[in-house]
Amino acid sequence: CVASQQQLRRLNLSFGNKLDSAFLIQLSNIPHLAKSLTSLQLDYMSDMFDLQSLAAIGKLENLKSLSLRGLKFSVQKRLDATDSNSTKKDPGQNQKPPKKPANSTTTSLRASLESMLSQLKHLERLDLADMEFAENMDAQGARHVSKAIAKSAPTLTHLVLDQMFGLKDRHLKRIARKCPRLCALSLRKCSQLTDESICFFLNQAKRFQKVEF
């Protein structure tokens, strides 16, 4: 049915519980749809999303508006250091001091989010409200999302990050510096933000028209 719509510009598949990533991939491979579609809503369809799904959205090159409310953003902790006890040397040999274990937060979804945004050269509106992170990972998740937006979405004019509980002043400042076209911002229930970052944002974005928090 969708494939038959030659001039389809807006598509809302939100709450489509029976749709999976294969459907989205198939959708993105329809040549005329990739050219004509300018608005896509996929709210609260977390089971649909994997790395291939975000790559598929990136193929819809003329999107100007994208809503992914309720996206589950997987963040995992890992230990990035070799166990100092795993390799033992004779006491007489010169040894470098063992590196201290360093906890780092990594996510393959962040790289996919960056890749998707970098392909959407005309994207103006992005809604990432109510994103879900793993337990106790709100701060790390917000950091990854802010970096992805700042790095790959300089064309944004409208941004919604409602209920991103781990979003902090430094994350918002990062976005402000890299997204100079922003004129509308929604930050409802972002409880860790202060007046400092809001004022910074307003000073950076000279064309600002609306901020909600």
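Visitor: How exposed is glutamate 61?
Guide: Glutamate 61 is partly exposed, at 34% relative accessibility. Buried means under 20% relative accessible area, exposed over 50%, and partly exposed in between, using a 1.4 Å probe and protein chains only.

Visitor: Where do these values come from?
Guide: This is a predicted model, where local features need pLDDT of at least 70 and side-chain atom pairs count only at pLDDT 80 or more, while totals for chains, interfaces and linings use all residues. Residues are numbered from 1 along each chain as its sequence is written, and side-chain values use heavy atoms, with hydrogens and water left out.

Visitor: Which side chain meets that of glutamate 61 in a salt bridge?
Guide: That of lysine 35, at 2.9 Å from N to O. A salt bridge is a side-chain nitrogen of Lys or Arg within 4 Å of a carboxyl oxygen of Asp or Glu.

Visitor: Why does the pair tie together parts that are apart in sequence?
Guide: Lysine 35 lies in helix α2 and glutamate 61 in the loop between α3 and β3 (65-67), so the pair ties together parts 26 residues apart in sequence. Helices (H or I, at least four residues) and strands (E, at least two) are DSSP runs, numbered from the N terminus. Lysine 35 itself is exposed, with a relative accessible area of 52%.

Visitor: How many salt bridges are there in the whole structure?
Guide: A search finds 5. One of them joins glutamate 196 and lysine 173, with the closest N and O atoms 2.6 Å apart. Glutamate 196 is in helix α7 and lysine 173 in helix α6, 23 residues apart. Lysine 173 is buried, at 16% relative accessible area, while glutamate 196 is partly exposed at 49%.

Visitor: New topic. What order do the strands of the sheet come in?
Guide: The order is β1-β2-β3-β7-β9-β10-β11, 7 strands in an open sheet with parallel pairing. Two strands pair if DSSP finds at least two bridges between them. The edge strands, β1 and β11 (210-212), each pair on one side only.

Visitor: And what joins β7 to β9?
Guide: 3 bridges join β7 (residues 125-127) to β9 (residues 158-160). Leucine 126 stands opposite leucine 159 there.

Visitor: Last one: which residues of α1 are buried?
Guide: Ser21, Leu24, Leu27 and Ser28. Seen down the axis of α1, they fall within an arc of 120 degrees, so they line one face of the helix. The arc is that of the directions from the helix axis to the C-beta atoms.
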